[in-house]
Amino acid sequence: MSEDKQIDVLEKKITGLMSQIKRREITMAESKIGKFFNKLKPLDLASYENLLKEYKKIIEEVKSDETIQKTEEA
C-alpha cells in the first residue's frame with residue numbers, strides 16, 4: 001500500500017472513531033484510537049496534529065457532558 005493511501009485510510013479510521021465517540025456509541029478506551037494516531041504521526045505530522053486538536057475538543061465535550069450528568073443525578 002502506498003504511503004498516501006495508508007494516510008487516507010488512517011485519517012478515515014480516526015475520523016470515524018471520533019464520530020462514534022462524539023455520538024457516545026463507543027468510549028475512548030474501546031475505540032483504541034491511540035494506536036491509529038501513533039501510526040499516522042510518522043507518516044503525516046500535519047494531519048496528525050489537526051486530528052489530535054479535533055480529538056481533544058471531543059474529549060473535553062464528552063467529559064463535560066459526563067460531569068453535567070453526574071451533577072444532575074446527585
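Visitor: Do α1 and α3 run roughly parallel or roughly antiparallel to each other?
Guide: Start with the term: helices are DSSP runs of H or I with at least four residues, strands are E runs of at least two, and both are numbered from the N terminus. The axes of α1 and α3 come within 10 Å and cross at roughly 150°; axes are lines fitted to C-alpha atoms, for helices over the stretch in contact, with angles from 0 to 180 degrees between N-to-C directions. Under 35 degrees counts as roughly parallel, over 145 as roughly antiparallel, 65 to 115 as roughly perpendicular, and the rest as oblique. Therefore α1 and α3 are roughly antiparallel.

Visitor: Which atoms do the side-chain values use?
Guide: This is a predicted model, in which local features need pLDDT of at least 70, side-chain atom pairs count only at pLDDT 80 or more, and totals for chains, interfaces and linings use all residues.

Visitor: Is the crossing of α1 and α3 left-handed or right-handed?
Guide: A crossing is left-handed if the near helix is turned anticlockwise from the far one by less than a right angle, and right-handed if clockwise. When α1 passes α3, the crossing is left-handed.

Visitor: Which residues of α3 make the contact with α1?
Guide: Contact means heavy atoms within 4.5 Å. From α1 come I7, L10, E11, K13, I14, L17 and M18. Their partners in α3 are I33, F36, F37, K39 and L40.

Visitor: Which residues are buried in α3?
Guide: Buried means under 20% relative accessible area, exposed means over 50%, and partly exposed is in between (1.4 Å probe, protein chains only). In α3, the buried residues are I33, F36, F37 and L40.

Visitor: Which helices do the buried residues of α3 pack against?
Guide: Take I33, in helix α3, which counts as buried at 3% relative accessibility. Leaving aside neighbours within four places in sequence, I33 contacts I14, L17, M18 and Y55. Together, the buried residues of α3 pack against α1, α2 and α4.

Visitor: How far apart in space are I33 and M18, C-alpha to C-alpha?
Guide: Along the sequence, I33 and M18 are 15 residues apart. In space, C-alpha to C-alpha, I33 and M18 are separated by 8.1 Å.

Visitor: What separates the C-alpha atoms of F36 and K13?
Guide: F36 lies in helix α3 and counts as buried at 13% relative accessibility. Not counting residues up to four places away in sequence, F36 touches L10, K13, I14, L17 and S31. F36 and K13 are 23 residues apart along the chain, yet their C-alpha atoms are separated by 7.7 Å.

Visitor: Are α3 and α4 roughly parallel or roughly antiparallel?
Guide: The axes of α3 and α4 come within 9 Å and cross at roughly 155°. I33, F37 and L40 of α3 meet S47, Y48, L51, L52 and Y55 of α4 there. By the angle, α3 and α4 are therefore roughly antiparallel.

Visitor: And are α1 and α4 roughly parallel or roughly antiparallel?
Guide: The axes of α1 and α4 come within 10 Å and cross at roughly 10°. Among the residues that meet are I14 and M18 in α1, and L51 and Y55 in α4. So α1 and α4 are roughly parallel.

Visitor: What is the phi of K32?
Guide: K32 is in the loop between α2 and α3, and counts as exposed at 52% relative accessibility. Most residues other than glycine have a negative phi. K32 has a positive one, near 55°.

Visitor: What is the phi of R24?
Guide: R24 is in the loop between α1 and α2. With a relative accessible area of 37%, R24 is partly exposed. Its phi is also positive in a residue other than glycine, near 65°.

Terms used:
Residues are numbered from 1 along each chain as its sequence is written. Side-chain values use heavy atoms; hydrogens and water are left out.
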